[in-house]
Amino acid sequence: MGIRARRTPLRTVLARPAPEAARGLLGCLVTAGDVTVRLTEVEAYGGVGADPASHAHRGRTPRNGIMFGPPGYAYVYFVFGMHWCLNVVVEPAGQAAAVLVRAGEVVDGLDTARLRRGAAVPTRDLARGPARLTTALGIDKSADGTSLVDGSGPLTLAPPTAPVDAIASGPRVGVVGGADTPWRFWLAGDPTVSAYRPHVARRPR
DNA sequence: AGTAGGATAATCT
DNA sequence: GATTATCCTACTG
């Protein structure tokens with residue numbers, strides 16, 4: 001037997017339609033400094049006018065501009081006044097699509113990840129959630145717009161080191177529009193996949 | 001175990 | 001001024 005390497009180059013996978021690119025990202029490794037995370041949960045987001053849940057749905061803005069460029073770049077945004085989320089830009093340049101990285105397993109740099117997340121945090125929870133993952137990796141605004149595939153930025157994306165088994169899918173977390181689109185993908189049975197929480201509308205105060 | 005509410009600020013209308 | 005691709009704490013059972 002032996003490990004079968006991915007036959008398709010990563011860049012080719014990322015250029016595919018968002019849901020396919022999302023599947024291809026599962027099992028991939030993201031490295032920042034001495035911390036490496038194996039991706040176990042992602043969500044696909046489509047382009048202008050195609051996906052009401054996407055930041056690009058209403059067109060280009062200063063924030064989402066990177067989504068309109070070539071695949072393999074990081075789209076990092078700040079949400080809820082305190083959290084950073086990491087996306088990988090996918091589909092060819094001109095098509096504004098991205099894949100939100102929602103969770104992963106810390107496979108290297110456990111000590112650093114625990115320092116950032118807190119000593120009391122269980123190992124499986126270190127990167128179990130979009131903002132938890134960016135915290136574990138030390139990702140913030142400085143990673144926005146950098147390449148994950150050419151070695152020029154703080155982040156590095158690498159293909160899976162082992163075959164990826166069963167992939168499950170379902171509705172995305174925390175979105176209002178497009179709530180019925182099953183564009184959330186995760187490794188079936190993996191303990192580091194985040195708990196699904198349906199969106200709850202909050203009333204004005 | 002499950003859920004409700006608050007924190008907190010960039011972004012866009 | 002409203003909204004938000006979340007997380008943590010506190011509370012109920």
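A residue counts as buried when its relative accessible area is under 20%, as exposed when that area is over 50%, and as partly exposed in between, with a 1.4 Å probe and the protein chains only. By this criterion Leu-100, at a relative accessible area of 6%, is buried. The model is predicted: local features need pLDDT of at least 70, side-chain atom pairs count only at pLDDT 80 or more, and totals for chains, interfaces and linings use all residues. Residues are numbered from 1 along each chain as its sequence is written, chains are lettered from A and ligands numbered from 1 in the order in which they are written, and side-chain values use heavy atoms, with hydrogens and water left out.

**Overall fold**

Chain A contains four helices and eight strands, where helices (H or I, at least four residues) and strands (E, at least two) are DSSP runs numbered from the N terminus. Their order along the sequence is α-α-β-β-β-β-β-α-α-β-β-β. The radius of gyration of chain A is 16 Å, close to the 17 Å from the globule rule for 205 residues, so the chain is as compact as a globular protein of that length. This radius is taken over C-alpha atoms, and the rule is 2.2 Å times the number of residues to the power 0.38. The C-alpha trace spans about 45 × 45 × 30 Å along its principal axes.

Of the 205 residues of chain A, 46% are buried. Among contacts (heavy atoms within 4.5 Å) with a separation of 6 or more, 56% join residues 24 or more positions apart. The chain exposes about 10500 Å², of which carbon and sulfur atoms supply 53%; the areas come from the Shrake-Rupley method with a 1.4 Å probe.

**Surface near DNA strand C**

DNA strand C is surrounded by 18 residues, and the closest are His-55, Tyr-77, His-83, Asn-87 and Arg-132. A residue is near the strand if one of its heavy atoms lies within 4 Å of it. Sugar and phosphate make up 49% of the atoms of DNA strand C that come within 4 Å of the protein.

| Protein N or O atom | Base atom of DNA strand C and distance |
|---|---|
| Ala-53, backbone | nitrogen, 3.3 Å |
| Tyr-77, side chain | nitrogen, 3.1 Å |
| His-83, side chain | oxygen, 3.0 Å |

Two or more residues of this surface come from each of β4 (83-90), β5 (97-108) and α4 (130-137); α4 gives the most, with three residues. The surface divides into nine nonpolar, five polar and four charged residues. Here Ala, Val, Leu, Ile, Met, Phe, Trp, Tyr, Cys and Pro count as nonpolar, Asp, Glu, Lys and Arg as charged, and the others, Gly among them, as polar.

**Helix α4 and strand β5**

Helix α4 is mostly covered, with six of its eight residues buried: Pro-130, Ala-131, Leu-133, Thr-134, Ala-136 and Leu-137. These residues pack against β1 (29-32), β2 (35-45), β4, β5 and α3 (110-117). Thr-134 has a relative accessible area of 2%. Not counting residues up to four places away in sequence, Thr-134 touches Trp-84, Cys-85, Leu-86 and Ile-139.

Leu-100 lies in strand β5. With residues up to four places away in sequence again left out, Leu-100 touches Glu-41, Val-42, Glu-43, Tyr-45, Tyr-77, Cys-85, Leu-86 and Asn-87.

Definitions and conventions
Polar contact = N/O pair within 3.5 Å; in protein donor to acceptor, adjacent residues only side chain to side chain.
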